[in-house]
Amino acid sequence: MNRTRILALLLALAVGALVAACGGSDSEEAATGGDGATSAAPSGEPTKLTVSYSWPTVDFMAVPLVVADEMGYFAEAGVDVELIFPPDPASSAKVLATGDSDIGLITTTDMAFAVKEGLGITAIGNYTTSNNWGLFTKPGTPIALDTLKGKKISGYGDSWTKAMLPFVLDAAGLTDGDVEVVTVDWDLPLLLNGKVDVATNTTNFMVSGVVDETGEQPGVLLAKDNGAPDVPVWVYAVNDAFAEGDAEAVTAFLRAVGEATVWASDNPEEAVKMFEQAYPDNGYTTTFNTAGWEDTLQYVRGADGSLFLMDDAQWTALAEALKGIGELDEVAPAAEYYTNDFISMD
Amino acid sequence: MSRSTLRAILIPLASVVLVFAVWAALIRLFGVDSFVAPTPLEALGAVREDWSILWPLALQTLEETIYGFVAGAVLGFVLAVGMAQTRIVRDLLYPVLVGSQAVPIIAIAAPLVILLGFGILPKVVIVAWIVFFPVAVSVLDGLARVDPDLVALARAMGGSRARIFRVIRLPATVGPLFSGLKIGATYAVTGAVIGELVGSTGSSLAGYQRQANSSLDTAAVWGSTLLMTAIGIGWFLLVVGIERLATPWRTRSTRPRLGFGASIRPDHRPGDAP
């Protein structure tokens, strides 16, 4: 056999392997998400729960989880929680879907896309109950709808910004062409250095960042007050297979986090101190963490004072917004996004 | 099409197919969910689906790569020549050269955007930053390997410094230059993408990828990665092509038929039969 024939044979083998490997789909496997239900823990032993965070590194939004652990709320509820971190922000839902975590803190857009992709996860409670995303200017620079024309506006290239910004521009009577939208990796230094006129972010991270750096408040234009839907940004979500196998643990987790959130709401400074002791290398200053947590607290309770409770309207409004920018083909029935079944009402 | 040409096309093609086959086989073997890692066909399908969006973005990334690559190559060559001429300059700059590559590029990318804005300039600088080093080191290495006896002979025959550089030293840099250019070509696209990630006006290939990642569209993430890889490979092949055209004696061992050197066989060694 000459070398040309050997080469031809190798090529044919490679093509054959490719066809064999790519043929057929694994849609069922992809939809199941994870290795199935976790068996109940032995009586008296806490149920081990792996909770994935919304960001690759820890920040003040982990305060309720830290407080629940440190104050013994998790232990009282019979769960033993391990907090893990995704490799990148967009992977938080994937980590949950693969079963690497049982419960996760994710963005509501992640949840909407997870339903679209059939990841097998469901939102079980709002972390924040309102839309705290907005537009920010550096201290001393006023911001209003009529000041946006011609401005350089930064975003992270994320779906949330892409979905919400058109609402605000529309309320200002503007279109994409009336502003310059730039994609950045870290907005704060660019804003403070005047390289962008307006940054987009959530209040708890941007206000605390600006206060930490300058000691002054930034100009804030909240999207929900300027045309955008008032939909929560973050939710707790569960791997469906895990929830089917251990619903009690999920309920217990939310109950403990609820108690911790109330405690951290009544004792914000102590809660932040507890967080910083648990994560001494969190990389942020106490000023940032305190300002961030106190800002977050403004959004954790619904209009009726409740924690976690979701409704159809918030999911439909979000899905409609995402459909409006072409990120979703269709708005799924609200029940596919969430359930309030794990929220204990006592 | 000659057999050698066919072979030159088929072998690399077979390696690409083999990589795709192994990739697909691993996905199936380990039961990896498509939202974690898609099959090659899913990734290629995502590219096909969004081709009208991706093509202009790929051209934009290619433009950043080309400008940065040329700037880096020129800078690297000039630096190497300058360093080869004067020992003190070489001793002074060599640690800086090495140090420049030890700095994580992502750490300087953000300040570059603050300093240079959101346009093409920071991307060009980042690509040049990546490309100039292999070019400078390779050319410097080539210059250091020039036969000192040859230089001494030329000097003894009255050759000026400039003429010796042009006739002896400069030709010695050609081979190493292309080695450096080929290394730089494979990394150049990465630099452009990092620049796009840190700050861009409007759309970019990196921005598309980030958006797809944000939408849990894993096939599109991998598809755009394939496109970035294709740009890198394409750019590498272009450099190889230019090298073949510019230095035919490095790849052709047959006797030239016409013109200068017709009586010289490149593969002729002393003692060989004529």
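Me: Is Leu216(B) buried or exposed, and how do I read that?

Reply: Burial here is a neighbour count: a residue is buried if 20 or more other C-beta atoms lie within 10 Å of its own, exposed if 12 or fewer, and partly exposed in between, with C-beta atoms placed from the backbone. Leu216(B) has 24 other C-beta atoms within 10 Å, so it is buried. Before we go on, this is a predicted model, in which local features need pLDDT of at least 70, side-chain atom pairs count only at pLDDT 80 or more, and totals for chains, interfaces and linings use all residues. Residues are numbered from 1 along each chain as its sequence is written, while chains are lettered from A and ligands numbered from 1 in the order in which they are written.

Me: Where does Leu216(B) sit, and what is its phi?

Reply: Leu216(B) is in the loop between α9 (205-214) and α10 (218-246) of chain B. Helices (H or I, at least four residues) and strands (E, at least two) are DSSP runs, numbered from the N terminus. Its phi is near 60 degrees, a positive value in a residue other than glycine.

Me: Which residue of chain A has a positive phi of near 75 degrees?

Reply: That is Phe308(A), again a residue other than glycine. Phe308(A) lies in the loop between α13 (286-297) and α14 (312-324) of chain A. It counts as buried because it has 24 C-beta neighbours inside 10 Å.

Me: What is the overall make-up of chain B?

Reply: Chain B has 11 helices and one strand, in the order α-α-α-α-α-α-α-α-β-α-α-α. Its C-alpha atoms fill a box of roughly 70 × 50 × 30 Å along the principal axes, and 37% of its 274 residues count as buried.

Me: How do I spot a bent helix, and where is the kink in α8(B)?

Reply: Compare the span with the expected one, which is 1.5 Å times one less than the number of residues. For the 38 residues of α8 (residues 161-198) of chain B, a straight helix would span 56 Å, yet the end C-alpha atoms are only 46 Å apart. A bend at a residue is the angle between axes fitted to the seven residues ending there and the seven starting there. In α8(B), a kink of about 35 degrees lies at Arg169(B), shortly before Pro171(B).

Me: How many residues meet between the two chains?

Reply: Two residues are in contact if their C-beta atoms, placed from the backbone, lie within 7 Å. On that count, 35 residues of chain A are in contact with 35 residues of chain B. On the chain A side, α1(A) gives the largest share, nine residues.

Me: What does β7(A) pair with inside chain A?

Reply: Four bridges join β7(A) to β6 (residues 152-155) of chain A, and these two run parallel. Thr183(A) turns up here too, as the bridge partner of Gly155(A). β6(A) also runs parallel to β8 (residues 198-202) of chain A, joined by two bridges, where Ile153(A) stands opposite Val198(A).

How values were computed:
Pairing = 2+ DSSP bridges.
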